[in-house]
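Student: Hi! I'm new to this one. Could you walk me through it?

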Amino acid sequence: MKKVSTILLMALLLSSMVFAAGTKEAASTGPQVLKVMLSEEPSSEDALLNTMKQWAAETGNTLDVMVIPYEDQLTKFPLMARNNDLPDLLTTTRLSRLYPDEFLDMAEYFDMSIFEPMAVEIIVQDYKSSKKSILPQQFTITNVYYNKDAFARAGITAPTIEKPWTLDELEKNAILLKEKGGVKYGMAMDASRARYDNLMYANGGSMVEKDGAGFDVAINSPQNIATLQKFIDWNNKFMPKAIWAGGTTDNPADYFKNGDVGIYFSGSWNYNSFYNQIKNFKWGVMPSPVGKSASAILGGSGLGVPAKAKNKDLAISFLKWFYTKENFQQYLNRDKGLSSLVGVTYSPSDAQVAEDYKVLQSEVGKVTYAFSVDESSMWRNFYDNEYRDALKQAVNGDLTAAKALNDFAALLSKKSGWDLKY
Amino acid sequence: MKTRYVKRHVRAFWLFVAPCLLLFSTFFLIPLGLSVGFSFTNYDGWKVMNFIGLANYKELFADTKFYQSLGRTFTYTLFSLPFKVIIPLLIASLVTSKRVAIKGLARTLTYIPSLLSALVVGITINWMFSAEYGLVNFIIQSLGGTPLQWALNPKLATFVISFASNWASTGFYMVIFIGGLNNIPQEIYEAASIDGSTTRQTFLRITVPMLAPTTFLATLLSTVNLLKEYALVQGITQGGPGLNTTFIIQFIFDKGFNQMQYGYASAISLVVMVIFAFIAYVQFKFSNGGDR
């Protein structure tokens, strides 16, 4: 009996060793599943997803894609981290800044000099440490689209890189477009704080001002109140007011795509979808208008690997593949956007796309110092929605421009501990 | 000394109660206890949790946005409540009447919206009332009228949410009223008929009083649901224009999940729970619990 037990025990040990070795082998070389979290529902032309699919086809691995919008990521990510149910790879704009400890330091895996320094500064920079929690993926810039057919009907000549419009010219032409351009709205703007902030920076304003090593709250400065008042007037005159008053879930990009808008303030991330979807009128990209200075806001999303991801090695191997010049070039050709990799540029074959791309590139030089200071303060970590609520209430006429910005400045000052400048 | 019978009886009692107690504890008592605990902290939903005493409550009682959103919630509830109760009652009366045809189909069609999720209702209502490309404005314009600014006028925006809420819940309350109507003894109606009562008199003097317990139930459930309205608002107006349709649950959600102030949101939730419980208590007292 003892002999039989010993034989059985030996057999059990041997079989477990064989199975264990087999499992390890399968885990290291066999097809694996890369769990990816995207921030918006990808279209059939989505550049990143199609590039990922190419990687999956080449390597035999498979993708498990989940979509969690940016605003929901902030609440879902901590829950996923607590439950050890994190994706292997994710695209994000803010998670890495809010929760840097939860991400691998990419500088340990990549030579950061292969990336455009500006892209690293804007997308990757933590401001509190030198850790590189994500790698720049989509490098975007705010820009202005226009309806060429509407411009022609209204007899308007589009501005050029050399001679951009002033804000007064923008206002005059938006009114003209509404009157004679055959569009319902002369101008529309994404309901995004960053799009509005371009007007603030162009008028010489900012959210905060540097005060030694710290900051002062400057959002209620006289020039900012004047900017908001002008924006309220524009909404009442020639913009779809419901978008900025916050009473609708409509996307102004749809208004532009339907030909109902003459001038549309958005960003380079929309270029690819407009290129594929707008077929019934001609459109283009124009340089953004200039106030006291020009302003554009760079941004974008990065790819990060959570430190506790189950398949982080696979995620790193994908990133190594993705950031080779050949593969990133293919991604960029699909994205038609700005490049975040040194030595890789998008060279459009379509003459119109090439012309638009030139305007987009020219916007990069308009990023203001005030924007960089605001970003480095990380004020959004204190309040973000409250600022949008203040703008919404002002546009809707519930608060005056001064009251909206003074109240928000007081809130931000109290929460951040920064002094009020005005 | 307990007899064997009593012991078995007690054991059976706990066996019957246990499943409900387990669910009630897991989904109500434990979260309530946690919420009470969080309300005395600056919990950010993940890593920061320091005891701050009554600071959240002090901030709450000085927060004008809290009072404004609570006021809006009460206004919306008072505006919507009569429709929540009266419309299902009238429809239930119609679909139980002997004089009405195709009652089965009418009941089914009225009940279908109750099966839809709030999100689907929101999308459907958006499609109908969108200021830009909505069906209702299209019809108004086709008839030569001026399109209505559903998304800019606070009263119209509140009306749209109320309309959606009523549309989605009428079927549910109709079923409750049908049950109540079927429980009224037919002999009473026959006696009233013999005495020469008109249809209107019968409805107001017999049906409505006899339905008091059902009406109380429908009123109580409607009140609580209206006070807690959330998903529809998110789907239709997202609290706008401005903050004019930001009700108390949106306010709590925004503080807790968007601004990561779980401690503060817990404090608001507890205060709101007490207010809502008080409203339900007053309703109970006022209507004597629906007793005739």
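Student: Is K336(A) buried or exposed?
Tutor: This is a predicted model, and in it K336(A) counts as buried because 21 C-beta neighbours lie inside 10 Å.

Student: And where does K336(A) sit?
Tutor: K336(A) is in the loop between α14 (325-335) and α15 (351-364) of chain A.

Student: What is its phi?
Tutor: The phi of K336(A) is positive, about 55°, although this residue is not a glycine. Most residues other than glycine have a negative phi.

Student: OK, over to chain B. What about the phi of Q238(B)?
Tutor: Q238(B) is not a glycine either, and it has a positive phi of about 55°. You'll find Q238(B) in the loop between α11 and α12 of chain B. Q238(B) is partly exposed, because 18 other C-beta atoms lie within 10 Å.

Student: Which peptide bond is cis around there?
Tutor: The one joining G240(B) and P241(B), with omega at about 0°. P241(B) lies in the loop between α11 (231-236) and α12 of chain B. Most peptide bonds are trans.

Student: How many residues does each chain bring to the contact between A and B?
Tutor: Chain B gives 20 residues and chain A gives 17 residues. On the chain B side, helix α12 (residues 248-258) supplies the largest share, 3 residues. That side of chain B is made up of 8 nonpolar, 10 polar and 2 charged residues.

Student: Changing topic: how many helices and strands are in chain A?
Tutor: Chain A has 18 helices and 11 strands. Its C-alpha trace spans about 100 × 50 × 40 Å along the principal axes, and 43% of its 422 residues are buried.

Student: What domains does chain A have?
Tutor: The assignment gives domain 1 (31-140 + 300-355) and domain 2 (143-298 + 365-420). Taken over C-alpha atoms, the centres of these two domains of chain A are 28 Å apart.

Student: How many residues of domain 1 are in contact with domain 2?
Tutor: In chain A, 14 residues of domain 1 are in contact with 12 residues of domain 2. On the domain 1 side, α4 (95-98), α5 (117-124) and β4 (134-147) of chain A each give two or more residues. By class, that side of domain 1 has 6 nonpolar, 4 polar and 4 charged residues.

Student: Which residues touch the most other members of the largest nonpolar core?
Tutor: That core has 139 residues, and M187(A), V261(A) and I268(B) are among those with the most contacts to other members. The largest share of the core, 7 residues, comes from β4(A). At least three core residues come from each of domain 1 and domain 2 of chain A.

Student: What does M187(A) touch?
Tutor: Setting aside neighbours within four places in sequence, its contacts include A174(A), W234(A), F238(A) and V261(A).

Student: And strand β5 of chain A, how many of its residues are buried?
Tutor: Strand β5 (residues 185-189) of chain A has 5 of its 5 residues buried. β5(A) runs parallel to strand β8 (residues 261-267) of chain A, and 4 bridges join the two. In β8(A), F265(A) is the bridge partner of M189(A).

Student: Last one: what are the confidence scores?
Tutor: The model has an ipTM of 0.81 and a pTM of 0.82. Chain B has an average pLDDT of 92, and 98% of the residues score at least 70.

Conventions. Residues numbered from 1 in each chain as written. Chains lettered and ligands numbered in written order. Predicted model: local features only at pLDDT ≥ 70, side-chain atom pairs only at ≥ 80, totals over all residues. Contact = placed C-beta atoms within 7 Å. Nonpolar A, V, L, I, M, F, W, Y, C, P; charged D, E, K, R; others polar. Domains from an automatic or database assignment. Core = buried A, V, L, I, M, F, W, Y, C linked by C-beta atoms within 7 Å. Buried ≥ 20, exposed ≤ 12 C-beta atoms within 10 Å, placed from the backbone. pLDDT = per-residue confidence, 0-100. Pairing = 2+ DSSP bridges.
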